[in-house]
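Good morning, and thank you for the time.

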Amino acid sequence: PDVDDASLPVLALLESDSATLLVGTVGHGLRLVDLSTQSPLARTPNFTPADFSSTTVTSFAELSNDSVLVGTYNEGIYLYLRRLDQLTPVKLPPSVDSLGSLSILCLSVDKANQLWLGTVNHGAIQLSRDFSIAHNYKKSSNSAHRISDDIVYAIHSDKAGNVWIGTLDGLVCIACDGRVTQTFNYDRMNT
């Protein structure tokens, strides 16, 4: 169906190059906006699978000048190649596939170029370069990898290489060595 782009709920934005804005929508996939004319582009990327237009796109993480990872709700991760204008699913190894349906709320790339996934029910997942799980930070994990909640809304890597995780129950700091070093809940942040 033809959808009025002005009425789309938007969850994520990324300027992909000097002329295009990637727009992640609720239930209408990935849309593109021409920044020079400030209007939606008539074309859509070459998608695999073809039915990606009904997907909810939640987040973006830039890997290089040419490639962007696209996080989705219940459909995992996709790789968008700008120069080919192509979007394809990322094949994840069995260790990640074993988690089941993967709903991504946020994506981030840390200073060591490792990918971090903020998920709905699986906490924060740090992936190695081959996309295998390096660490899974969850509420039920051992103390070195325990975070305050399994719903992760935000991930940020600071200049020192620490990774900050935002959950419904506060803020968590993970040091460069992978240890959880600080947890701030509402009460601690208001002191």
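Predicted model: local features only at pLDDT ≥ 70, side-chain atom pairs only at ≥ 80, totals over all residues.

Let me begin with a definition: a residue is called buried under 20% relative accessible area, exposed over 50%, and partly exposed in between, with a 1.4 Å probe and protein chains only. On that scale S108 is buried, with a relative accessible area of 11%.

Residues are numbered from 1 along each chain as its sequence is written, and side-chain values use heavy atoms, with hydrogens and water left out.

Now the overall picture. The protein has two helices and 17 strands; both are DSSP runs numbered from the N terminus, helices being H or I of at least four residues and strands E of at least two. Of its 191 residues, 47% count as buried. Among contacts between residues at least 6 apart in sequence, 37% join residues at least 24 apart, a contact being heavy atoms within 4.5 Å.

Let me return to S108, which belongs to strand β10, residues 104-109. Beyond its neighbours within four places in sequence, S108 is in contact with A61, Q114, L115, W116, I155, H156 and S157. One of these, H156, lies 48 residues from S108 along the chain, yet their C-alpha atoms are separated by 6.6 Å.

I turn to the sheet pairing, where two strands pair if DSSP finds at least two bridges between them. Four strands form an open sheet in the order β1-β2-β3-β4, with antiparallel pairing. Because β1 (10-15) and β4 (39-40) stand at the edges with a single partner strand each, one side of each is left without a neighbour in the sheet. Five bridges join β1 to β2, residues 20-25, and V10 has T25 as its bridge partner in β2.

A further antiparallel pair is β8 (residues 77-81) and β9 (residues 86-89), joined by four bridges. Here L81 stands opposite Q86. The hairpin has four residues between the strands, and D85 takes a positive phi near 55°.

What of the aromatic rings? Rings of Phe, Tyr and Trp (its six-membered ring) pair if their centres lie within 6.5 Å; planes under 30 degrees apart are stacked, over 60 edge-to-face, and the rest tilted. By this rule there are two aromatic pairs. W116 and Y137 are stacked, at 5.6 Å centre to centre and 20° between the planes. This pair links β11 (residues 115-119) with β13 (residues 133-137), its members being 21 residues apart. W116 is buried at 2% relative accessibility, and Y137 is buried at 0%. W164 and F184 have ring centres 6.3 Å apart and planes at 20°, so that pair is stacked. W164 is partly exposed, at 24% relative accessibility.

Finally, the largest pocket holds about 160 Å³ of space. Of the 16 residues that line this pocket, the closest to its centre are D110, Q126, G161, A175 and C176. A pocket, on a 1 Å grid over the protein atoms alone, is an open set of points where a 1.4 Å probe fits, with protein on both sides within 12 Å along at least five of seven lines; lining residues have an atom within 4 Å of a point. The volume is the space filled by probe spheres set on the points, which are joined across faces, edges and corners. Strand β13 gives the largest share of the lining, three residues.
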